[in-house]
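Subject: Structure handover

Hi,

Here is the structure I promised to pass on. Have a look through it first, and then read on for what I found.

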Amino acid sequence: MKGFYVAVVAVLVIGTGWLVYQARSKSSQGGGLGAEAPVPAATDGFPGYTMGNDSASIKVTEYSDFECPYCAAFATVQMPEVRTQLIATGRVLWRYRDFPISTHKWSRLAALSAQCAGEQGKFWDMHDQLFGHRDWVEQDKDPSDAFRGFAQTVGLDLARYDDCMKTRRYAGRIQASLEEGQALNIQGTPAFFVNGRHYQGRATSDAFKAIVDSLSAARRKG
Amino acid sequence: MRRQATALLALVGFFIALYLWLHALGVIGQLTCGTGSCEAVQASRYAMFAGVPVALYGVVGYFVLFVVSLVGATPANRSRRQPDLALAALASIGFAFTLYLTVIEVFVLHELCRWCVASAVIITLIWLLSLTGLRRAA
């Protein structure tokens, strides 16, 4: 029996040590733009890229991270339905905000790539590329070339894109967005706010449709 | 001996599930995957079940298995049959759920995550151990 308890303690110690090592080694992986210290937050008041009807009574803000697997699952599985049912029909204005998680090595670089695409009116196309093609997350190497490939795919002016990436033109915006999310006490991604209120239900298209229906009905009654 | 082995296996499974869950929460960066397609599997729609990350089911499930088998392994409970029944029921649920997830990986996603495979091996061993316990209890 004593040997059993020793084995349990050994597994507990090894398991805990392994998890701590994983967390620390991932957060300390250096090099590359993605891991650089954050820049000061921009003060240009950029509110994030939006999709849908500007005058829609229901506004959803999504705080997301391009490297986060659940954000990718939401973007590739649920978002197409949300776009069809709620955004294309003019019922919802959808806003995307960056919330790069510090332990994700390339999140900031991916966010920067999307912002640089946004400069040329292609934010959502780049958003779809980054979430839809996840090989860059799998490979433990600088994904700049992969992002440039996406930029080419969505039809960006590559000279402008390269300049934007090189100068990290919108790094301050990403930091501002992150700080905004932190002020809202976001604990994980994706996080959603519906008309300013933190939505903590299931992140599915059906759930969003239900809440939009509910808010629309309440508005009609009111 | 059987319950002790179950407790140790459940504890290893608990750490694997916790690793995947912490990754989902962003506490851990990229998964150490080596061969396999951990990110593709973790980013798929099947990584969530009823709105809850699959890894969290694993964390809770393995923890309960660990506690039940640990309590059942104490000298005071060694001759009782209830722990065997509880372990068989819990392990069967876990095994069935893992079977479903593995079928999804192989036949739907066509991707395999090595951590999911490791967890599948562990729950299969626990399930087989629980079946032998069930035979003794009968």
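Before the counts, a word on terms: helices are DSSP runs of H or I with at least four residues, strands are runs of E with at least two, and both are numbered from the N terminus. Please also keep in mind that this is a predicted model.

Chain A first. On that basis, its secondary structure comes to nine helices and five strands. Starting at the N terminus, the order of elements is α-β-β-α-β-α-α-α-α-α-α-β-β-α. Chain A has 222 residues, and 36% of them are buried. If you take the contacts in chain A between residues at least 6 apart in sequence, 84% join residues at least 24 apart.

Chain B has five helices and two strands. Along the sequence the pattern reads α-α-β-β-α-α-α. Of the 138 residues in chain B, 49% are buried. For contacts in chain B between residues at least 6 apart in sequence, the share joining residues at least 24 apart is 77%.

Now for some helix packing in chain A. A pair of packed helices is described by the angle between their axes and the distance between those axes. Helix α3 of chain A (residues 107-119) packs with helix α7 of chain A (residues 158-166) at an angle of about 135 degrees, and the axes are 9 Å apart. That angle makes α3(A) oblique to α7(A). The crossing of these helices is right-handed. On the α3(A) side, the residues in the contact are A:Leu112, A:Ser113, A:Cys116 and A:Glu119, and they meet A:Tyr161, A:Cys164 and A:Met165 in α7(A). By type, the residues of this contact of α3(A) with α7(A) are five nonpolar, one polar and one charged.

α3(A) also packs with α8(A), at an angle of about 115 degrees and with the axes 9 Å apart. This crossing of α3(A) and α8(A) is right-handed. Here A:Arg108, A:Ala111, A:Leu112 and A:Gln115 in α3(A) meet A:Ala171, A:Arg173 and A:Ile174 in α8(A). The contact of α3(A) with α8(A) divides into four nonpolar, one polar and two charged residues.

A:Arg168, in the loop between α7 and α8 (171-183), has a positive phi of about 50 degrees although it is not a glycine. A:Arg168 counts as partly exposed because it has 17 C-beta neighbours inside 10 Å, and a residue needs 20 or more to be buried. A:Asn185 sits in the loop between α8 and β4 (191-194) of chain A. A:Asn185 is not a glycine either, yet has a positive phi of about 65 degrees. With 8 other C-beta atoms within 10 Å, A:Asn185 is exposed, since 12 or fewer is the cut-off for that.

Last, a helix in chain B. Helix α3 of chain B covers residues 54-72, and at 1.5 Å a residue its 19 residues should span 27 Å; the end C-alpha atoms are 27 Å apart, so the two agree. Several residues of α3(B) are buried, including B:Val54, B:Gly58, B:Tyr62, B:Leu65, B:Phe66 and B:Ser69.

Cheers

Methods: Residues numbered from 1 in each chain as written. Chains lettered and ligands numbered in written order. Predicted model: local features only at pLDDT ≥ 70, side-chain atom pairs only at ≥ 80, totals over all residues. Expected span 1.5 Å × (residues − 1). Axes fitted to C-alpha atoms, helices over the stretch in contact; angles between N-to-C directions. Parallel < 35°, antiparallel > 145°, perpendicular 65-115°, else oblique. Left-handed = near helix turned anticlockwise from the far one by under 90°. Contact = placed C-beta atoms within 7 Å. Nonpolar A, V, L, I, M, F, W, Y, C, P; charged D, E, K, R; others polar.
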